[in-house]
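Work through the exercises below with the sequence and the model at hand. Each task is followed by a stepwise solution.

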Amino acid sequence: MVAVQATEDEVTPLLTGAVSLAAVNGPDSVVVSGEEAAASEIERHFAALGRRTRRLTVSHAFHSPLMDPMLAEFGAAAAKLTYREPVIPVVSTLTGALAEPFTPDYWVRHVRETVRFADAVRTLAGQGASTFLEVGPDGVLAAMAAETADV
């Protein structure tokens, strides 16, 4: 997985069956994921344009075709869980909109499809949120949230 300083529109024409758009984190911040050679080619393309790129330390190429072999087993495990309506509204980073009731299929799609973090932040800002908190080892997404929501 490679974080790239680029827009979704800039990256999309470079995607192949071997690499996917893993995340749209900000106005000009995306992540690509997939086969090493294909991800490296996109990384080199944007580095040659003077754009920032950064390899992410991950155990798997999440949100890419490389996840396909585990989706059925993951879905079977997710089907064993009990899902309830959230007490407070939840914004989905799968759709970027207010979440529908969670299902096993939702979580399977979340492993494979693009994370729409920037869209989720815009939805939250549109609902009146002005304070965002990132819980994790660094503040990378918090900075992108501030840039995306203009807070």
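**Exercise 1. Determine whether V111 is buried or exposed, and list what touches it.**

Step 1. V111 has a relative accessibility of 13%. Buried means under 20% relative accessible area, exposed over 50%, and partly exposed in between (1.4 Å probe, protein chains only). V111 therefore counts as buried.

Step 2. The model is predicted: local features need pLDDT of at least 70, side-chain atom pairs count only at pLDDT 80 or more, and totals for chains, interfaces and linings use all residues. Residues are numbered from 1 along each chain as its sequence is written, and side-chain values use heavy atoms, with hydrogens and water left out.

Step 3. V111 lies in helix α4 (residues 104-112). Helices (H or I, at least four residues) and strands (E, at least two) are DSSP runs, numbered from the N terminus.

Step 4. Leaving out residues up to four places away in sequence, V111 touches F62, H63, M67, M70, L71 and F74. Contact means heavy atoms within 4.5 Å.

Step 5. A22 is 89 residues from V111 in sequence, and their C-alpha atoms are 9.5 Å apart.

**Exercise 2. Describe the largest nonpolar core and state which element gives the most to it.**

Step 1. A nonpolar core is a set of buried Ala, Val, Leu, Ile, Met, Phe, Trp, Tyr and Cys residues joined through side-chain atoms within 4.5 Å. The largest has 15 residues, and V4, A6, V11, V19, V30, V32 and F46 have the most contacts inside it.

Step 2. Two or more residues each come from β1 (2-4), β2, β3 (29-34) and α2 (36-48). With 4 residues, α2 gives the most.

Step 3. A second, separate core of 10 residues includes M1, A3, A22 and V31.

**Exercise 3. Find which residues of α2 are buried and what they pack against.**

Step 1. The buried residues in α2 are A38, A39, S40, I42, E43 and F46.

Step 2. They pack against β1, α1 (8-11), β2, β3 and β4 (53-55).

Step 3. After α2 comes G50, with a positive phi near 85°.

**Exercise 4. Explain why the buried residues of α5 line one face of the helix.**

Step 1. In α5 (residues 117-126), F117, A118, A120 and V121 are buried.

Step 2. Viewed down the helix axis, the buried residues of α5 fall within an arc of 160°, so they line one face. The arc is that of the directions from the helix axis to the C-beta atoms.

Step 3. Their cover includes β2 (19-26) and α6 (140-149).
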